[in-house]
Amino acid sequence: MTFPIDHDLHCHTYLSSCSGDPAQSVEAILAHAKKYGYTMQCVTDHLWDSAVPGASAWYAPQDVAHVSQNLPLPEDGQVRLVFGCETEFLGGAHLGLDASHYDDFDFIVIPPNHFHMKNFVRPESYDTEEKIAGLFVERLEDISKLDLPWHKVGIAHMVCGLIFKEGDPNRVYELVDEARFRAVMSRFAALGAGIEINLSSFWPDWRPNARAMLRLYRLAKEEGCKFYLASDAHHPRELDLVPGLAPVVVEALGLTADDKFILA
Ligand SMILES: [Zn+2]
Ligand SMILES: [Zn+2]
């Protein structure tokens with residue numbers, strides 16, 4: 001059976017500062033999910049928990065109380081609308097969500113590569129493709145050592161232009177050490193985390209870079225990882241990225257229903 005295009009587990013509402021779009025409401029997101037026959041839709045606004053010291057000025061207002069303004073989520077007979085968040089990770093054990101709030105979320109998305117946030121997520125001294133590739137794997141390794149409710153954790157955008165905006169992201173993906181990457185993906189597979197296929201990373205034209213972009217996903221698949229789809233939409237039109245691009249990416253990766261991450 002082919003991999004079902006029936007879910008979107010990472011998107012933002014107007015509550016995320018980088019959206020702020022009044023049209024990006026949970027009602028609009030749910031209506032889109034219904035239109036495309038989804039069974040599950042998750043909203044994951046950016047989050048830094050005020051219980052964790054060290055928020056950046058941008059993150060500070062986006063705490064648990066802020067993102068919880070979307071609650072209660074509307075209920076629907078077809079689409080299970082679930083409450084998640086996209087928190088932040090700074091390396092070591094420095095996660096932007098405190099363990100006391102894990103239960104507040106049905107799904108926790110952790111980005112390993114928001115490296116556009118210089119001197120917050122990425123030390124400025126990491127300034128070449130080689131160094132960035134090393135830092136990326138190190139962050140994945142650090143995340144895999146955290147004590148998390150892994151059955152409801154997703155590893156966001158494996159490939160993502162934000163990883164090195166001043167340089168060549170595709171070169172970064174190519175430079176990722178295969179043995180270390182395989183080892184950490186094998187660990188995520190054993191822990192039961194989901195690996196995100198973020199369609200906004202594949203927009204508009206990923207074909208020229210397909211080899212570099214798909215490489216990491218192929219390695220993750222070989223190590224037994226499970227995958228979920230994500231629009232990472234900040235505006236209503238971007239929700240179309242899942243129905244628009246997921247079929248070709250899923251086909252290129254040869255994913256089947258067995259490869260789908262199931263959020264219980
Ligand atoms: Zn992100
Ligand atoms: Zn996001």
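Helix α3 (residues 129-144) packs against helix α5 at an angle of about 25° in this predicted model, and their axes are 10 Å apart. Here an axis is a line fitted to C-alpha atoms, for helices over the stretch in contact, and angles run from 0 to 180 degrees between N-to-C directions. Helices are DSSP runs (H or I, at least four residues) numbered from the N terminus. The two helices α3 and α5 are therefore roughly parallel to each other, a label for angles under 35 degrees. In passing α5, α3 makes a left-handed crossing, with the near helix turned anticlockwise from the far one by less than a right angle.

On the α3 side, the contact is made by Val137, Leu140, Glu141 and Ser144, and on the α5 side by Arg180, Phe181, Val184, Arg187, Phe188 and Leu191. Residues count as in contact if their C-beta atoms, placed from the backbone, lie within 7 Å. The residues of this contact of α3 with α5 comprise six nonpolar, one polar and three charged. Ala, Val, Leu, Ile, Met, Phe, Trp, Tyr, Cys and Pro count as nonpolar, Asp, Glu, Lys and Arg as charged, and the others, Gly among them, as polar.

Now to the other partner of α5. Helix α5 (residues 178-191) packs with helix α6 (residues 210-222) at an angle of about 50°, their axes lying 8 Å apart. The crossing of α5 past α6 is right-handed, the clockwise case. Glu178, Phe181, Arg182 and Met185 of α5 meet Leu216, Leu219 and Ala220 of α6. Five of the residues in this contact are nonpolar, none polar and two charged.

Residues are numbered from 1 along each chain as its sequence is written, while chains are lettered from A and ligands numbered from 1 in the order in which they are written. As the model is predicted, local features need pLDDT of at least 70 and side-chain atom pairs count only at pLDDT 80 or more, whereas totals for chains, interfaces and linings use all residues.

Key
Two residues are in contact if their C-beta atoms, placed from the backbone, lie within 7 Å. Angles under 35 degrees count as roughly parallel, over 145 as roughly antiparallel, 65 to 115 as roughly perpendicular and the rest as oblique.
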